[in-house]
Amino acid sequence: KNATVSPTPSLPMAAAASALVPLPRCDEEYVKLNVGGHLFTTTVTTLTKEADSMLGSMFSGRMDLKKDHEGWVVIDRDGKWFGLILNFLRDGTCALPAELTARQAILQEAKYYLLDSLVKFVLNYDRDATVDLCTVPVVSTETEQGQLLASSRDGTPVVLLCYKRGNNRFSYTQPSDDAYIRNIELFDRLSYKFHGRVRYARDISGNDGHICTWCVNLVLARTNTKEKYVHPVTQIDSSLHLLIHLLGERG
C-alpha cells in the first residue's frame with residue numbers, strides 16, 4: 001500500500017512571513033540619553049546624521065557606550081541645549097535664542113560635539129544679525145546742522161544739544177561745571193530712552209554764543225514748518241517736559 005502523507009496545516013500569511021523574515025526590534029532604533037540629568041529619546045539615525053561628529057562616532061557601533069542601571073546612555077555634559085542640538089540634526093536648522101550669552105553657550109556645545117554645520121550656523125547668525133544701536137551724530141557747522149534737519153522730513157523731532165564752554169570764560173566755575181554735566185547726562189538718558197522716536201545730535205559749533213543750550217526742531221508732517229525752542233542751561237526740567245509733550249502729541 002502506498003503511504004498516505006497528511007498535508008501540513010497552512011499558516012496564516014502574516015505568521016508565515018514572520019517565521020521567514022525576523023521583524024526588526026523597535027528598541028534597536030531608539031536611544032535613551034541622559035545628558036547632565038536631562039533625559040532625551042531620539043533615533044540612531046538622528047545622532048549619526050553627521051558621521052564625523054562625536055555623536056556620529058559614539059553611536060556608529062564602534063564604541064562602547066556608558067549606560068546607567070536603567071539603560072540610559074550617559075553623556076557627562078550640560079544638557080540645557082542638547083534638545084536644540086537634536087532639533088538641528090533632525091531638520092538642519094533651529095531657532096536660536098536672542099541672548100548672545102545663550103548663543104555662545106550653544107556654540108561651545110557645538111564645538112564640543114564636533115558639529116561643524118551647527119558651528120557655522122551659529123556664527124552666520126551672529127554675523128548676519130543687525131544691532132539697533134543708539135547713535136548720536138556730532139555737527140560742527142551750520143551746513144551740517146541744516147543737512148541734519150533736512151533729513152527729518154518725516155515729522156521726527158530733532159533735538160540738538162548745543163554746547164561750547166569756550167564761549168564764556170566763567171563757564172569753568174564749580175556751579176557751571178555742575179550744570180554743564182547735568183545737561184550732558186540728561187541728554188544721554190533721553191537719547192537712549194527715546195531712541196527711534198526722537199533724533200538726537202550734538203552741536204559743537206558754538207554759533208549761538210551760549211555755553212550750553214537745548215534746541216528742539218520739530219518738522220510738522222502736514223505744514224512742513226519748523227519750530228525752534230531754545231532753553232538755557234538752567235532749564236533742564238523744562239526741556240525734559242517739552243520733549244515728553246512733543247512725544248505725547250506724536251502718539
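The lining of the largest pocket consists of seven nonpolar, two polar and three charged residues. In this division Ala, Val, Leu, Ile, Met, Phe, Trp, Tyr, Cys and Pro count as nonpolar, Asp, Glu, Lys and Arg as charged, and the others, Gly among them, as polar. The model is a predicted one, in which local features need pLDDT of at least 70 and side-chain atom pairs count only at pLDDT 80 or more, while totals for chains, interfaces and linings use all residues. Residues are numbered from 1 along each chain as its sequence is written, and side-chain values use heavy atoms, with hydrogens and water left out.

**The largest pocket**

Of the 12 residues that line the largest pocket, Tyr-30, Val-31, Leu-65, Lys-67 and Val-73 lie nearest its centre. Strand β1 (residues 30-35) supplies the largest share of this lining, three residues; strands (E, at least two residues) and helices (H or I, at least four) are DSSP runs, numbered from the N terminus. The volume of the largest pocket is about 160 Å³. A pocket is an open set of points on a 1 Å grid over the protein atoms alone, where a 1.4 Å probe fits, with protein on both sides within 12 Å along at least five of seven lines; lining residues have an atom within 4 Å of a point. Grid points are joined across faces, edges and corners, and the volume is the space filled by probe spheres set on them.

**Salt bridges**

There are two salt bridges, each defined as a side-chain nitrogen of Lys or Arg within 4 Å of a carboxyl oxygen of Asp or Glu.

| Salt bridge | Closest N and O atoms |
|---|---|
| Arg-77 and Glu-109 | 3.1 Å |
| Arg-202 and Asp-188 | 2.5 Å |

Arg-202 belongs to strand β6 (residues 199-203) and Asp-188 to helix α8 (residues 174-193), so this pair ties together parts that are 14 residues apart in sequence. Arg-202 is buried at 15% relative accessibility, whereas Asp-188 is partly exposed at 35%; buried means under 20% relative accessible area, exposed over 50%, and partly exposed in between (1.4 Å probe, protein chains only).

In the other pair, Arg-77 forms a salt bridge with Glu-109. Arg-77 lies in the loop between β3 (73-75) and α4 (82-91) and Glu-109 in helix α5 (residues 100-112), so the two link parts 32 residues apart in sequence. Arg-77 is partly exposed, with a relative accessible area of 21%, and Glu-109 is buried, with 9%.

**Asn-207**

Asn-207 is located in the loop between β6 and β7 (212-219). Its relative accessible area of 49% makes Asn-207 partly exposed.
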